[in-house]
Amino acid sequence: MKNFFKKFYLVLVLIFLYVPIVVLICQSFNAGKSRAKWEGFSFHWYRELFQNAAIMKALWVTLSIAVLATIAATIIGTLAAIGIHAMRKRPQALMMTLTNLPNTMPDIVTGISLMLLFIFFKVDRGYLTMLLAHIAFDIPYVVLSVLPKLKQMNKHTYEAALDLGATPRYALTHVLIPECKQGIITGALLSFTLSLDDFTISYFTTSPLVQNLSTLIYSATKLGISPVYYALSSLMFVVLLVLLLVVNRRTAEDKD
């Protein structure tokens, strides 16, 4: 009986979370605008989606920022993880605390803090500030993905490479990075997924002239949601689901 209630509770939670998404996806194929009446199956709203200039511009901003932030955060985060791994116990513990702190803070705190930072330095908010914000919140996830792979590695491998005549740069690119390659890829995928999906931090670090998909959808809710956004949300859900499945699979492989 106890197992039955556990499974029943799990089913209820899944229904509560995913039934609205299923309804959203179904509505994106509704030929009419009415949410209360099914007027036939159609790809009309998907065609409208790809013909909407504002959405296509927001899509370009979203993808370009996600790609650039992922590249920058992966490079910085990997080098930071290598540096933290080489530290002594106490400084390493301090750096790990500082690295974990942004992950535990609410996004709204991070977003407002970055907004105030840009205002203080009189930096106009737009594409660049959003990109910098995404790099900032992606870096800790890369660090936390790479560090476990470095800890699994024999700590004398790097020193052995230097003793055999390798330069520090050669040892970095041919010894350390190959050893933690799986963690780097996982961190990059996770960064891309988080950047693609972010709203709160993006909202506070950009201007109305530069919007990604999440901020554009939020702005559209003030005027009434068009079924075009049902199609957009459905595609975003599918893409993020696929990326998360890939990340989870790679994480499971890393643990094995």
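Guide: Let us start with the whole protein. This is a predicted model. Buried residues make up 38% of its 256 residues.

Visitor: What makes a residue count as buried?

Guide: The cut-off is a relative accessible area under 20%. Take Thr62, which lies in helix H3. Its relative accessibility is 3%. That is under 20%, so Thr62 counts as buried.

Visitor: Which residues does Ala161 contact, beyond its neighbours within four places in sequence?

Guide: Ala161 is in contact with Ala166, Ala171 and Val175. Contact means heavy atoms within 4.5 Å. Ala161 and Ala171 are 10 residues apart along the chain, and their C-alpha atoms are separated by 6.1 Å.

Visitor: What does the side chain of Thr62 reach?

Guide: The backbone nitrogen of Leu213, at 2.8 Å. A polar contact needs N or O atoms within 3.5 Å, so the 2.8 Å distance of this pair meets that distance limit. Leaving out residues up to four places away in sequence, Thr62 touches Leu196, Asn212 and Leu213.

Visitor: How do you describe the packing of helices H3 and H9?

Guide: Two packed helices are described by the angle and the distance between their axes. Helix H3 covers residues 53-85, and helix H9 covers residues 181-197. Their axes come within 8 Å and cross at roughly 145 degrees. The crossing is right-handed.

Visitor: Which residues make the contact of H3 with H9?

Guide: From H3 they include Thr62, Ala66, Ala69 and Ala73. From H9 they include Ile184, Ala188, Phe192 and Leu196.

Visitor: How many residues of that contact are nonpolar, polar and charged?

Guide: There are 10 nonpolar, 6 polar and no charged residues.

Visitor: How many helices and strands does the protein have?

Guide: The protein has 12 helices and 0 strands. The C-alpha trace spans about 75 × 60 × 30 Å along its principal axes.

Visitor: What share of contacts joins residues at least 24 apart in sequence?

Guide: The share is 73%, among contacts between residues at least 6 apart in sequence.

Terms used:
Residues numbered from 1 in each chain as written. Predicted model: local features only at pLDDT ≥ 70, side-chain atom pairs only at ≥ 80, totals over all residues. Heavy atoms only, no water. Axes fitted to C-alpha atoms, helices over the stretch in contact; angles between N-to-C directions. Helix = DSSP H or I, 4+ residues; strand = E, 2+ residues; numbered from the N terminus. Left-handed = near helix turned anticlockwise from the far one by under 90°. Nonpolar A, V, L, I, M, F, W, Y, C, P; charged D, E, K, R; others polar. Buried < 20%, exposed > 50% of the residue type's maximum accessible area, 1.4 Å probe, protein only. Polar contact = N/O pair within 3.5 Å; in protein donor to acceptor, adjacent residues only side chain to side chain.
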